[in-house]
Amino acid sequence: MMRKLLRDETSDGMHDSLIGRFVVRKFRMLPFKSRILRLVTNIEGGQLYSASLRSVLQRYHGVEVGAFSYGSLLELGMADRHTRIGRYVSVGPNVRRFGAAHPVNALSMHPFWYNPALGFASKEDDVARTSIEIGHDVWIGANVTILPGCRRIGVGAVVGAGSVVTRDVADFTIVAGNPASVIATRLSPSLREQLVDDKIWNLSPHSLSTKLSTLEPDAK
């Protein structure tokens with residue numbers, strides 16, 4: 001009951017709160033940041049619904065997360081900057097996304113010589129830092145590592161547990177292994193096309209539930 005009194009529902013179905021808005025504004029100055037953010041996230045209905053969690057990730061960590069997504073990539077420090085996560089994405093525990101790699105062709109690979117924040121390097125010395133888009137309704141299994149060479153995990157794709165993803169993953173494909181490679185494709189071509197054309201992941205959970213009840217996976 002108390003949580004319902006503390007929070008409001010936003011236009012996109014997320015839950016906002018007075019304490020959450022305060023935490024977002026003052027986040028840099030707060031002690032025990034992770035602990036406080038977890039408390040606010042729980043008040044706002046958990047990772048699936050928390051608007052404040054999404055605001056903190058975007059404003060302070062450069063990670064954009066769509067509605068109704070959840071998992072370890074929504075924890076602080078698990079996804080590097082320039083990570084964009086779609087709607088209805090499911091992420092298992094201990095998934096890590098890296099946007100940069102050590103410069104293996106340099107005389108020394110230590111971050112002293114490429115990270116300007118450490119005081120020895122200039123901005124021109126910094127390594128390339130890549131972005132990634134993780135599409136709607138993606139499922140990423142536990143203990144997956146996503147490396148800088150992967151710029152996109154497509155809509156409806158699956159990444160098997162323990163995989164190391166080094167390159168892009170196409171829509172509706174299932175990949176696994178180290179390095180991850182395609183092992184299967186989900187759904188038939190006609191059904192994949194219909195799901196994308198209808199943009200079903202833009203629907204609310206209630207509307208999407210109704211839509212999905214009218215569709216059935218068909219033979220490939």
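Here are some friendly notes to read alongside the structure above.

1. **What kind of model this is.** This is a predicted model, in which local features need pLDDT of at least 70 and side-chain atom pairs count only at pLDDT 80 or more, while totals for chains, interfaces and linings use all residues. Residues are numbered from 1 along each chain as its sequence is written, and side-chain values use heavy atoms, with hydrogens and water left out.

2. **The overall picture.** The protein has 6 helices and 14 strands; helices (H or I, at least four residues) and strands (E, at least two) are DSSP runs, numbered from the N terminus. Along the principal axes, the C-alpha atoms fill a box of roughly 60 × 45 × 25 Å. Of the 220 residues, 40% are buried, where buried means under 20% relative accessible area, exposed means over 50%, and partly exposed is in between (1.4 Å probe, protein chains only).

3. **Charges.** You can count 27 positive and 20 negative side chains, and the centres of the two sets lie 7 Å apart. Lys and Arg count as positive and Asp and Glu as negative, with His and the chain ends not counted; each charge is placed at NZ of Lys, CZ of Arg, CG of Asp or CD of Glu.

4. **Aspartate 16.** Look for this residue in strand E2 (residues 15–17). Aspartate 16 counts as buried because its relative accessibility is 17%. Its C-alpha atom is separated by 9.4 Å from that of threonine 41, 25 residues apart along the chain.

5. **Tryptophan 113.** This residue sits in the loop between strand E6 (96–97) and strand E7 (132–134). Its relative accessibility is 43%, so tryptophan 113 counts as partly exposed.

6. **Phenylalanine 172.** Find this one in the loop between strand E12 (164–165) and E13. Phenylalanine 172 has a relative accessibility of 3%, so the residue counts as buried. Its phi is near 60°, a positive value in a residue other than glycine.

7. **Lysine 199.** Here, too, is a residue other than glycine with a positive phi, near 50°. Lysine 199 belongs to the loop between helix H5 (189–198) and helix H6 (205–213). For background, most residues other than glycine have a negative phi, and most peptide bonds are trans.

8. **Proline 179.** The peptide bond from asparagine 178 to proline 179 is cis, with omega near -5°. You will find proline 179 in the loop between strand E13 (173–176) and strand E14 (181–185).
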